[in-house]
Amino acid sequence: MFKTNDLGTAAFLMLKGSILRDAYINDRKIFVFEFDGDEAKNRQIAIEYLNSECSKFDAQVKNLKKVLNSGYK
């Protein structure tokens, strides 16, 4: 089983065909996504995501949210 708390990584894993086993918010209020299958394969897909344009796009979306939440004018 492969676990991640990153929404972008979880979405990319699903896009690449990994099967989501469970998704929940833990007692520390953190997202947890659990994937079935070969952990090494899922880890490699997660690394592929981190090196992809998708990850860069996701980072910019997060930056824009921070700008809006900071009251930037």
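Visitor: What makes the contact between the side chains of D58 and K62 a salt bridge?

Guide: In this predicted model, the N to O distance between D58 and K62 is 3.4 Å. The cut-off is within 4 Å for a Lys or Arg side-chain nitrogen and an Asp or Glu carboxyl oxygen, so the pair qualifies.

Visitor: Why are D58 and K62 said to be separated by about one helical turn?

Guide: Both belong to helix α3, which covers residues 53–69, and they are 4 residues apart, which means about one helical turn.

Visitor: Why is D58 called buried, and what is K62 called?

Guide: D58 has a relative accessible area of 19%. Buried means under 20%, so D58 falls in that class. K62, with 39%, is partly exposed, because that class lies between the 20% and 50% limits.

Visitor: How do you know that E48 and K16 form a salt bridge?

Guide: Their closest N and O atoms are 3.1 Å apart.

Visitor: What does the pair of E48 and K16 tie together?

Guide: E48 lies in helix α2 (residues 39–50), whereas K16 lies in the loop between α1 and β2; the pair therefore ties together parts that are 32 residues apart in sequence. E48 is partly exposed at 36% relative accessible area, and K16 is partly exposed at 43%.

Visitor: What makes E34 and R21 a salt bridge, and which strands hold them?

Guide: The N to O distance is 3.7 Å, so this pair is also within the 4 Å cut-off. E34 is in strand β3 (residues 31–35) and R21 in strand β2, so parts 13 residues apart in sequence are tied together. E34 has 8% relative accessibility and counts as buried, while R21 has 48% and counts as partly exposed.

Visitor: How many salt bridges does a search of the whole structure find?

Guide: The search finds 7 salt bridges.

Visitor: Which residues line the largest pocket?

Guide: The lining consists of N5, D6, L7, G8, F31, D58, V61, K62 and K65. The volume of this pocket is about 170 Å³. Helix α3 gives the most to the lining, with 4 residues.

How values were computed
Residues numbered from 1 in each chain as written. Predicted model: local features only at pLDDT ≥ 70, side-chain atom pairs only at ≥ 80, totals over all residues. Heavy atoms only, no water. Helix = DSSP H or I, 4+ residues; strand = E, 2+ residues; numbered from the N terminus. Buried < 20%, exposed > 50% of the residue type's maximum accessible area, 1.4 Å probe, protein only. 1 Å grid on protein atoms, 1.4 Å probe; cavity = no way out; pocket = protein on both sides within 12 Å on 5 of 7 lines; lining within 4 Å. Points joined across faces, edges and corners; volume = space filled by probe spheres on them.
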